[in-house]
Amino acid sequence: MTPPERKLFIRNTLLGLVISLSMVVANRLGWIQSLERWFYDVRAQTCQFQQTPPTNQLVHLDIDDSTLQAIGAWPWDRQVLAQVIDELTLANAKVVGLDVVFPEPQKPRYALNDNGLVVGDLIRDDRLLADSLDHSHHSLLSVAVEIPAADDTKALIQKTATDLIDDDLTLSRDAFEKELKTRPIFKQVQQLAVNVDSLFIRTRKQVLYQRSIALLKDNPQAGFYDARQTILPHLDVDLIGGSPLLNTLKNQFDRAQSMQAIHRYTTPLTQVQQPPVTVEAQLPPISLLSQAAMGAGFVTYLPDSDGVVRSVPMAVYDGQKVIPQLGLMLACAYLGVAPRDLHFTENSVQITKPDGKVIDLPLRQEYVASVNRHVRYLYDVPWFGPVDRWEYMYDPQQMQSRQHLPVNAVYRITSYQQEIVTNNQQIDKAISIVLDDDADYKLKLNPDLGKSYRDHRPPASDTQARKAMVAKLKADDFVSAVYQDFVKLKDEDLNETDRYFKSELIKAYRAMDEALARNVQWEKQIVDARNQLKQTVSGKAVLIGWTGTATIADFVQTSLHHKCPGVVVHGAIFNAILTGSSWTRSPAVVDIAIIIILGLIATVLVARLSPVPALIGCVSIAGLYFAVNGLVLFDRMSLLVAAASPLLTVGMVWSGCTLNRFIIERTDRARITKRFSSYVDPALVNYVINNPDTARLDGELKEMTVVFTDLAGFTTLSEKLRERTVPILNEYMGLMVPIIRKYSGYVNKFLGDGMMFFYAAPIDNPDHAVDSVKTALELQHAMVDFNRKLHSQDLPQVSVRIGISTGNMVVGDAGSEDASDYTVLGDSVNLGARLESANKYTGTAILINDTCKRQLGETFLLRPVGKLQVVGKSESIMTWEPLCLAGDATDRLTQLAQLSAPIVEAFEAGDFASCDQAIDTYEQAMGGDKFSAFYHRQCDRHREHPDEFNGCIVLEAK
């Protein structure tokens, strides 16, 4: 591993660890709870292949659509449920749980016939249901409770309202509001838009309920009269029966009596390690029913923030006793466990069976957003069965409804019995027609026998007694003789009265026979239905509750179902207890360890592999973990181990470390690029970066412009500066290089105090000649400030000489495979170097060749310098000196160009006298300089050696 790789590995390892620890914190703080819940549901829906077979000891008796259609719309007369419970008791159901709340009494009623007339005695439905519950000995009711949300402000408002009413129970609503306005809390009442009427009524009910509870605690045998005398001793007696306050007390006292009865079958607080969540506004059944039942369980749910019921509290606290959940109560009743023997530890509820075996139900504590508080003893409902088909849950093949029976399947037995009653009424009517004499239309054949039957008439459902009476009637000698005589006689032989007598007698006999025959059929159906019901429910638990959709009912969303009857939740809890198939949450330390381990594995993959292979590895690790989590931990071991946070950790580690790697590599790349840009021109660096597939820059011939520069006077400067030469030289280069790159020049080499750069490569530039000259002129201008700085340091000034050559050159990599240089080669390149040197002879600052001059057009002001034959060349070239941009030309520079032209022209023509005259004119106007002196020397030389003149100037030194 190279040092850079080791450095990257260490950085990514630290970053991966930080991300993993951050995910641990996020997991513990619940920041990714919604995603964890989604994975929870996914496992429940897709990872249940090793399910424990569901119990066959539970039967759901459903109040479904068919039942509502057969019996009628809800609410039913409670006699209906009484008859259903009676049949279940007769069928030997081991325990019956009703997921139905009866918070209000039902008024007594009279049965009406089809004509709307009263039939029979007054029917007291509540008493009938209470008798049925008492007779069954094993019936459970439901208590609806309210788990209040934790809100300090609302709690303070409630306390203030309670104090006001507790001080004066006869306080009126208006007086209550007036007193409330005097309290500081009233501002919060207004801010929260609290309904004062609702607050007053709710608080008064709760205060009366608490007073009733306290009274019953001191005197369990107290009645309503005692409650009125104790709680409302100063209430005007004249208001009794009409006082809203008295009526409220009656309701709340009944509620308190109901809870007192329920507390007989609840769990003492001593059996609970920590108190469960405290509930308010308990809505129990009326006391008459609570006293008849063997207990009650609460049926309230606490859905998660997304509305899904995944867990339920297994116990709540009403201020006196711990009330278990209905499914738990049903299981305890089935197992023969008294609720007082339940033991709630911090993480479980222990159910000790009569044989001594203990069932441990895993519980937990969690913050529940809907009530803004932590709730203890939450139990994860272990769902099973197909998705969105709750009715198929108990079928091993998950193809048909099992262990679900409509209530009407039981109630139809009652309807069969009603048919028998109807038939028996027809028999009684026929008997009365034959025997009695209490009406003109009756036949009066044996009034004494008829009266005797009327006075001792058997119950309406007693068919056997009626069968015996019919036999006795037919055995009566007189009745039998009359019947036989009339049957033998023909109608035409009888008068009108006898014909009527005969017709009624035959109709009565036929009615009795037909009714008895029908009863035989109905009784057979009753026997068959009861036998079938007994086979279905005998020795089993029965749970009665809503499943119908024809009305607003109790439905919840679960991990498996978008819409599931609430009673099915209680059934699932009962099933889990009996089958031992609970889901257990893993300890927090396990989740933390898994997050860190998977995070470190992902970190190693990202640190050691490139992004794509690392991604494949991370996806594989995540997929493997999800498979293990779902199919092994969840399906086989029933463990709920964190899924979202470990998987998210893998994704975050890959993303974070890959991004970190990218940033580091880009940073290093930029740093290296910047570093090497000081050795290699950025134009080439960028070209290679943007064309990574180009291993070498093969040579090509193209027209380009090359420039050479040199510092005149630098030797003197370096002798004075010595070791300080390099910083000054770097400063000079720092001024020059940006100007070159400004005009797309490629800096090829630093030649001591000189430079070589060219244009049109590696990126094409059609204006390479123009850009090169612009660069040269700007370099000259930059030297002014540079020399000013040297002067301030008492250093000698320097000047820059520039040679520019445009022509065909070979550009590309030059060198070996492992050591090459991107450069230009050719005669035009050498010419540029010679032109730079020629400046010191001609007295110019910049020299360009004629090819360059042709490409400049009218852009610059140029002065001719002459035809020069530089060292190493056998031919001469015309050279020019750029003075400035054409638009920036001053009169002096224009005159300089104009006066230089005659000198060059006369010299080229060999007219040395005219050349001398032009030089004189030049010197008179511009003053003598190296240019005029140079041409004086050339004229003198060629006058002495005229044979050597060919119209050009030969430079014999570089």
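## Basis of the model

The model is predicted: local features need pLDDT of at least 70, side-chain atom pairs count only at pLDDT 80 or more, and totals for chains, interfaces and linings use all residues. Residues are numbered from 1 along each chain as its sequence is written, and side-chain values use heavy atoms, leaving out hydrogens and water.

## Overall form

The protein chain has 31 helices and 31 strands. Both are DSSP runs numbered from the N terminus: helices are H or I with at least four residues, strands are E with at least two. The C-alpha atoms fill a box of roughly 185 × 75 × 60 Å along the principal axes.

The radius of gyration of the protein chain is 55 Å, whereas a compact globule of 958 residues would have one near 30 Å. That radius is taken over C-alpha atoms, and the globule rule is 2.2 Å times the number of residues to the power 0.38. Of the 958 residues, 48% are buried. Buried means under 20% relative accessible area, exposed means over 50%, and partly exposed lies in between (1.4 Å probe, protein chains only).

Helix α20 spans residues 588-608, 21 residues in total. From first C-alpha to last it reaches 30 Å, close to the 30 Å expected at 1.5 Å a residue. The expected span is 1.5 Å times one less than the number of residues. Buried residues in α20 include Asp591, Ile594, Ile595, Leu598 and Ala602. An α-helix has 3.6 residues a turn, so residues three or four places apart point the same way.

Leu631 belongs to helix α21 (residues 611-634). At 37% relative accessibility, Leu631 counts as partly exposed. With Phe49, Leu624, Val628, Val632 and Met637, Leu631 makes a nonpolar surface patch of about 540 Å². Patch residues have over 30% relative accessible area and no salt bridge; nonpolar side chains (Val, Leu, Ile, Met, Phe, Trp, Tyr) are joined within 5 Å, like charges within 9 Å. A salt bridge is a side-chain nitrogen of Lys or Arg within 4 Å of a carboxyl oxygen of Asp or Glu. Accessible areas come from the Shrake-Rupley method with a 1.4 Å probe; for residues, only the protein chains shown count as cover.

## Strand pairing

Three strands form an open sheet in the order β12-β13-β14, with antiparallel pairing. β12 (343-344) and β14 (358-362) stand at the edges with a single partner strand each, so one side of each has no neighbour in the sheet. Two strands pair if DSSP finds at least two bridges between them. β13 (residues 348-352) and β14 pair over five bridges. Ser348 stands opposite Pro362 in β14.

β24 (residues 746-751) and β25 (residues 754-759) run antiparallel and are joined by five bridges. Val747 has Phe757 in β25 as its bridge partner. The hairpin of β24 and β25 has two residues between the strands, and Gly752 there takes a positive phi near 70°.

Most residues other than glycine have a negative phi, and most peptide bonds are trans. The bond from Trp74 to Pro75 is cis, with omega near 5°. Pro75 sits in the loop between α3 (65-71) and α4 (78-90). The bond from Ala761 to Pro762 is also cis, with omega near 0°. Pro762 sits in the loop between β25 and α26 (768-792).

His137 has a positive phi near 70°. His137 lies in the loop between α5 (125-136) and β5 (139-146), and is exposed at 56% relative accessible area. Ser638 has a positive phi of about 55°. Its loop runs between α21 and β22 (639-640).
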